Amino acid sequence: MSRVSQLYNPGAIYAQEKSNEAPEYTLAGVLRFLQTEWRNAEREKNEWEIERAELQSKLAILEGEKRANERTNVDLLRRIKMLEFSLRQEREKFKSGKVPTDLEKRDSPLSPLGPNFTHVKQGLKPKASMNTSSIISLKNRARKDKCREILKT
């Protein structure tokens, strides 16, 4: 049937298709169909694996960010706890009515000069058994111990 007659007589196409109800399959046609289906399935599988790998890497990045944020949160909570403790101590000092003088501030273990440096203000020579580095290390150790004690509460 010519193409022109198909355009003017669409019923002729239906009649021709109805008369040829059993489609004719050829070996080449079947193989081509199977190859295209196999190719499509492999392509979809590869796309899925690529998407899966991308999502896994994104998940790993997000989990790393979450752990970093949790560590930062813990550090900040410790810092807040330490600051609240020192604020309570300062309030207790002022509630008791005793405002520390400069000399008392200098003698406190948390002062930059610390209790071991009172001899500097008084004009005395330091003890021969303690050099500056050992005094600083003792002062740092005392501060660390005090901070640990604060963080434990």
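Me: Before anything else, what do buried, exposed and partly exposed mean here?
Reply: Buried means under 20% relative accessible area, exposed means over 50%, and partly exposed is in between (1.4 Å probe, protein chains only). Arg 43, for example, counts as partly exposed because its relative accessibility is 42%.

Me: What kind of model is this, and how are residues numbered?
Reply: This is a predicted model, in which local features need pLDDT of at least 70, side-chain atom pairs count only at pLDDT 80 or more, and totals for chains, interfaces and linings use all residues. Residues are numbered from 1 along each chain as its sequence is written, and side-chain values use heavy atoms, with hydrogens and water left out.

Me: How many helices and strands are there?
Reply: The protein chain has six helices and zero strands. Helices (H or I, at least four residues) and strands (E, at least two) are DSSP runs, numbered from the N terminus.

Me: And how much of the chain is buried?
Reply: Buried residues make up 5% of the 153 residues in the protein chain.

Me: Tell me about H3. What should its span be, and what is it in the model?
Reply: Helix H3 covers residues 27-95. Its 69 residues should span 102 Å at 1.5 Å a residue, and the end C-alpha atoms are 100 Å apart, which agrees. The expected span is 1.5 Å times one less than the number of residues.

Me: What follows H3?
Reply: Gly 97 follows H3, and its phi is positive, near 90 degrees.

Me: Switching to salt bridges. How many are counted?
Reply: The count comes to three. A salt bridge here is a side-chain nitrogen of Lys or Arg within 4 Å of a carboxyl oxygen of Asp or Glu.

Me: Which residue does Glu 47 pair with?
Reply: Glu 47 forms a salt bridge with Arg 43, and the closest N and O atoms are 3.9 Å apart. Both lie in helix H3, four residues apart, about one turn of the helix. Glu 47 is partly exposed, at 45% relative accessible area.

Me: Why does a spacing of three or four places matter?
Reply: An α-helix has 3.6 residues a turn, so residues three or four places apart point the same way.

Me: Where is the positive patch on the surface?
Reply: Arg 141, Lys 144, Arg 148 and Lys 152 gather there. Lys 152 lies in helix H6 (residues 132-152) and is exposed, with a relative accessible area of 73%. Patches are made of residues with over 30% relative accessible area and no salt bridge, with like charges joined within 9 Å and nonpolar side chains (Val, Leu, Ile, Met, Phe, Trp, Tyr) within 5 Å.

Me: Which residues make the nonpolar patch?
Reply: Tyr 25, Leu 27, Val 30, Leu 31, Phe 33 and Leu 34 make a nonpolar surface patch of about 680 Å². Phe 33 lies in helix H3.

Note on methods:
Areas by Shrake-Rupley, 256 points an atom, 1.4 Å probe, with all protein chains shown as cover. Lys, Arg positive; Asp, Glu negative; His and termini not counted. Charge placed at Lys NZ, Arg CZ, Asp CG, Glu CD.
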